[in-house]
Structure formats: C-alpha cells, structure tokens
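Here is a short briefing on one protein model.

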Amino acid sequence: MEKNITTLQAGLKWGAYLGIALIFFDLLLYLAGFKSPSESNAIQFLVYPIMFALIYLAVNDYKNGNEGFLSLGEAISSAIYTGLVAAAISIVYSFIFIYIIDPGFMEEVKAVSKEAAMSRGNMSEDDYEKIEGLMNFFVSPYFLMIMTLIIYTITALISGLIAGLILRTKEAN
C-alpha cells in the first residue's frame, strides 16, 4: 500500500491552517474588546472547539491520503504535529501582539496579577516585593511561550485520540 501523505505533511498543512485561524480568532476578540487580562470571557474558550475541529480535519485528511486507512497512533501523530505547528505560529503571533500590536498588554497582566494577590488580604506590599521576580516570570512572554506549547500539545493529544477513535480503520492484509 502506498501512502500519499505522511502524518507530518498533514500536521504541517493543518497546523498552519489552525495557527492562522487562531490568530484571526484572537484578533477578532481583541478588536471586539473581549480580550482583557482583567477578566475571563466565556467566548475565549471557543478556541478549543476550533482546535478540535481543525485537528479532526487534519486526521481525516491523513486518513483520506492513506487510502482510507488510519491507526490510532497515526491519528495521534498527525494531531500532535498539527498542534506543534499551530503552537509555533501562535507563539510568533503572541510576541508580535505583545511587542507591537499592544505593548501595554503584559503590563496590564502584571498589574491585574498584583491586584489579585494583594486583594486576597494575606499579602502585604513587602511580601509582594519579595516574590515579584517569580510573579514576573509567570506573566512573562517566555512563560506564555512555554504554556502555549504545553497546552496546544495536550489539546492536540486529546483531540487526536478522540478523532482517532472515531476515524480509525484497519488495513487490509
């Protein structure tokens, strides 16, 4: 049996589509005023159905390019590649967003984090100053990059598992 597409090829193609779709979704949220570090918005969680849909399409594309055959491992592999490519694109976009589109965004995130820590009542200004370096790491672009990679990989793994269970077939011997 000859494969017309590899899991990497499916992942690269659909990862690019997913990365671009997530950028458009994020920009839409930003322009509509739904992207705020001070409050979470339920509409922001629509990113997960978008991710699942495009990862499902990646797995299905691999299956169609593989003469209709798909193992669970191949499904997960194409999903992981898709998630990693989308994460890479999203990380580049995040740096562009943070440093060019809205340079004050991370400062606002830091201010909200400080306010949340102080409002709990069990932290003084001196206590906050002691842990400020650690807090700055957790609201830094570099931590965002690490978390994006982890979250996208886990989401891709789960989505690939679900898509694989739905779409898998056995090869004829």
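How much space lies in the largest pocket? About 1,100 Å³. This is a predicted model: local features need pLDDT of at least 70, side-chain atom pairs count only at pLDDT 80 or more, and totals for chains, interfaces and linings use all residues. Residues are numbered from 1 along each chain as its sequence is written, and side-chain values use heavy atoms, leaving out hydrogens and water.

**Pocket**
- A pocket is an open set of points on a 1 Å grid over the protein atoms alone, where a 1.4 Å probe fits, with protein on both sides within 12 Å along at least five of seven lines.
- Its volume is the space filled by probe spheres set on the points, which are joined across faces, edges and corners.
- Lining residues have an atom within 4 Å of a point.
- The largest pocket has 32 of them, and Asp26, Lys35, Phe105, Leu144 and Thr148 are the closest to its centre.
- Helix 6 gives the most to this lining, with six residues.

**Nonpolar core**
- A nonpolar core joins buried (under 20% relative accessible area, 1.4 Å probe, protein chains only) Ala, Val, Leu, Ile, Met, Phe, Trp, Tyr and Cys residues through side-chain atoms within 4.5 Å.
- The largest core has 23 residues; Leu18, Leu22, Met51, Val59, Leu70 and Tyr152 touch the most other members.
- Helix 2 gives the most to this core, with seven residues.

**Lys63**
- Lys63 sits in helix 2 (residues 47-65); helices are DSSP runs of H or I, at least four residues, numbered from the N terminus.
- Lys63 is buried yet has no salt bridge (a side-chain nitrogen of Lys or Arg within 4 Å of a carboxyl oxygen of Asp or Glu).
- Glu74, the nearest side chain of opposite charge, is 10 Å away.

Note on methods
Helix = DSSP H or I, 4+ residues; strand = E, 2+ residues; numbered from the N terminus. Buried < 20%, exposed > 50% of the residue type's maximum accessible area, 1.4 Å probe, protein only. Lys, Arg positive; Asp, Glu negative; His and termini not counted.
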